[in-house]
Amino acid sequence: MAETNTANKKVKFIVTRQDSPESRSYTEEFEIPYRPNMNVISALMEVQRNPTNAKGDKTTPVCWESNCLEEVCGACSMVINGKPRQACTALVDKLEQPVRIAPMSTFPVVRDLVINRERMFNALKKVKAWIPIDGTYDLGPGPRMAESKRQWAYELSKCMTCGVCLESCPNVNDKTSFIGPAAISQVRLFNAHPTGEMNAEERLDTLMEDGGIEGCGNSQNCVRSCPKGIPLTTSIAAMNKDTTKHLFAKWLGL
């Protein structure tokens with residue numbers, strides 16, 4: 001009897017769609033055959049296989065992004081029941097019905113649930129979130145980090161540029177140039193690296209510009225929403241301290 005009930009069970013999804021970057025958004029309902037342990041991605045795959053809405057009308061498949069399906073790549077970020085998160089780990093059994101899916105509003109929509117994360121990537125470029133070593137020749141093993149530093153730096157390195165922290169931050173919107181918590185945390189990560197610290201002052205100067213760390217309103221939404229549990233507010237506090245020390249050092253000509 002239980003198997004019969006499961007076989008007949010449907011799950012309703014209300015998807016916010018947009019045909020192009022210039023077009024208006026609209027919602028479309030879908031009813032998906034229920035399967036135990038299914039996630040939002042598997043439901044979207046079902047729509048892709050059979051693009052028929054809840055009215056029985058044929059429609060276009062919903063567009064979305066995904067890659068790893070195990071919360072590593074960050075590609076499948078979307079707003080699910082009002083909360084920005086990864087669709088691969090959003091289990092239908094744990095979601096309130098109907099399941100409402102929408103693209104993250106902080107970023108421009110390309111189509112349906114696909115967004116343009118250029119704002120986030122430009123922020124990482126701005127703060128030079130990389131280790132500047134030129135050439136492909138062998139430079140040897142390089143300097144080692146102290147184990148105590150390596151442990152917390154590893155936590156920061158888990159960032160998968162999913163954009164969830166920017167979506168949840170009230171200070172990241174089309175009216176501000178705030179670079180967001182992810183880029184600030186990456187400054188802390190690369191400034192802690194024995195080679196990356198050569199450009200530490202340059203990164204701190206960038207954080208002190210318009211759209212930098214002063215744009216943080218300390219809402220702490222970012223640390224609560226981060227899928228990887230990265231201590232973003234700890235990084236922001238640390239960079240507040242470092243930029244303040246850097247500012248006084250510049251004033252004093254040190």
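On the face of helix H9 that is turned away from its buried side, the exposed residues are Lys241, Lys245 and Trp251, where exposed means over 50% relative accessible area, buried under 20% and partly exposed in between, with a 1.4 Å probe and protein chains only. This is a predicted model, in which local features need pLDDT of at least 70 and side-chain atom pairs count only at pLDDT 80 or more, while totals for chains, interfaces and linings use all residues. Residues are numbered from 1 along each chain as its sequence is written, and side-chain values use heavy atoms, with hydrogens and water left out.

The buried residues of H9 are Leu232, Ser235, Ile236, Met239, Thr243 and His246. They lie on the same side of H9 because they cover an arc of only 95 degrees around the axis. An α-helix has 3.6 residues a turn, so residues three or four places apart point the same way. Among the elements that cover this buried set are helix H4 (147-156), helix H6 (181-192) and H7.

The axes of H7 (residues 200-207) and H9 (residues 232-251) come within 10 Å and cross at roughly 100 degrees, and the two helices are therefore roughly perpendicular to each other, a term that applies to angles of 65 to 115 degrees. Where they meet, with contact meaning heavy atoms within 4.5 Å, Glu201, Leu204, Asp205 and Leu207 of H7 face Met239, Asp242, Thr243, His246 and Lys250 of H9. By class, this contact has three nonpolar, two polar and four charged residues.

Just after H9, Gly253 takes a positive phi of about 70 degrees.

How values were computed: Axes are lines fitted to C-alpha atoms, for helices over the stretch in contact, and angles run from 0 to 180 degrees between N-to-C directions. Helices (H or I, at least four residues) and strands (E, at least two) are DSSP runs, numbered from the N terminus. Angles under 35 degrees count as roughly parallel, over 145 as roughly antiparallel, 65 to 115 as roughly perpendicular and the rest as oblique. Ala, Val, Leu, Ile, Met, Phe, Trp, Tyr, Cys and Pro count as nonpolar, Asp, Glu, Lys and Arg as charged, and the others, Gly among them, as polar. The arc is that of the directions from the helix axis to the C-beta atoms.
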